[in-house]
Amino acid sequence: MARGEMLTVFSYDIGANRKRRKAAAILEEAASRVQKSVFETRMSRNRAQAVAQRVAALLDPGDSLRVYVLGADGETSSRVYGDAVPLEPEGDHWLF
């Protein structure tokens, strides 16, 4: 992981189909889709803010975008269950 990058999670709830597709396209350029409206990536705080601003510009009243940034402690405490694949392995074990 590059210095200054943290695990960043984007989650949206957007009602209009066109805007939802546009938000997904923006996030797919920057992150990995892990659920229908949830994306994960490692990026700097500045990059996360830039991506969030692009998506936030699409929001209508009633829509939402959530951005979670996990530091090292939160990341090592996170787990993935079921068929979900963790973002990336670290050494001999998965980070999650």
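The legends below describe close-up views of a single chain in a predicted model.

**Figure 1. Overview of the predicted chain and the order of its elements.** In this predicted model, the secondary structure of the chain consists of three helices and six strands, which follow one another from the N terminus in the order β-α-β-β-α-β-α-β-β. The chain has 96 residues, of which 33% are buried, and its exposed surface comes to about 6300 Å², with carbon and sulfur atoms supplying 47% of that area. When contacts between residues at least 6 apart in sequence are considered, 68% of them join residues at least 24 apart.

**Figure 2. The largest nonpolar core and the elements that build it.** This core has 17 residues, and those with the most contacts inside it are Phe-10, Tyr-12, Leu-27, Phe-39, Met-43, Val-51 and Val-55. Two or more residues come from each of strand E1 (5–13), helix H1 (17–30), strand E3 (38–44) and helix H2 (45–56), and H1 gives the most, with five residues. As a general background to this view, nonpolar side chains in soluble globular proteins tend to be buried together.

**Figure 3. Surroundings of Met-43, one of the core residues with the most contacts inside the core.** Apart from its neighbours within four places in sequence, Met-43 is in contact with Gly-4, Glu-5, Met-6, Thr-8, Phe-10, Ala-30, Ala-48 and Val-51. Among these partners, Phe-10 and Val-51 are themselves listed with Met-43 among the residues that have the most contacts inside the core, while Ala-30 is one of the buried residues of H1 and Ala-48 is one of the buried residues of H2.

Figure 4. An α-helix has 3.6 residues a turn, so residues three or four places apart point the same way. The other side of H1 carries the exposed residues Arg-18, Arg-21 and Glu-29, whereas the cover over the buried residues includes E1, strand E2 (32–35), E3 and H2.

**Figure 5. Two residues of H1 compared, Ala-24 and Glu-29.** Ala-24 has a relative accessible area of 7% and is therefore buried, since the cut-off for a buried residue is under 20%. Setting aside its neighbours within four places in sequence, Ala-24 is in contact with Tyr-12, Arg-33 and Phe-39, and its C-alpha is 9.2 Å from that of Val-38, although Ala-24 and Val-38 are 14 residues apart in sequence. Glu-29, by contrast, has a relative accessible area of 60% and is therefore exposed, since the cut-off for an exposed residue is over 50%. The C-alpha atoms of Glu-29 and Val-51 are 9.6 Å apart in space, while these two residues are 22 residues apart in sequence.

Figure 6. H2 has twelve residues and reaches 16 Å from its first C-alpha to its last, close to the 16 Å expected at 1.5 Å a residue. Its buried residues are Ala-48, Val-51, Ala-52 and Val-55, and because they cover an arc of only 100 degrees around the axis, they are placed on the same side of H2. Asn-46 and Gln-53 are exposed on the other side of H2, and the elements that cover its buried residues include E1, H1, E3 and strand E4 (64–70).

**Figure 7. Leu-58 in the loop between H2 and E4.** With a relative accessible area of 15%, Leu-58 is buried. Leaving aside its neighbours within four places in sequence, Leu-58 is in contact with Lys-19, Lys-22, Ala-23, Ile-26 and Asp-63. Lys-22 and Leu-58 are 36 residues apart along the chain, and their C-alpha atoms are separated by 8.1 Å.

**Figure 8. Asp-13, a position annotated in UniProt.** An unreviewed UniProt entry places the feature "binding site" at Asp-13, a residue found in strand E1. Asp-13 counts as exposed, at 52% relative accessibility, and its contacts, leaving aside neighbours within four places in sequence, are with Asp-63 and Ser-64.

Note on methods: Residues are numbered from 1 along each chain as its sequence is written. This is a predicted model: local features need pLDDT of at least 70, side-chain atom pairs count only at pLDDT 80 or more; totals for chains, interfaces and linings use all residues. Side-chain values use heavy atoms; hydrogens and water are left out. Helices (H or I, at least four residues) and strands (E, at least two) are DSSP runs, numbered from the N terminus. Buried means under 20% relative accessible area, exposed over 50%, partly exposed in between (1.4 Å probe, protein chains only). Contact means heavy atoms within 4.5 Å. Accessible areas come from the Shrake-Rupley method with a 1.4 Å probe; for residues, only the protein chains shown count as cover. A nonpolar core is a set of buried Ala, Val, Leu, Ile, Met, Phe, Trp, Tyr and Cys residues joined through side-chain atoms within 4.5 Å. UniProt positions are given in the numbering used here, feature names are shortened, and annotations may be inferred rather than shown by experiment. The expected span of a helix is 1.5 Å times one less than its number of residues. The arc is that of the directions from the helix axis to the C-beta atoms.
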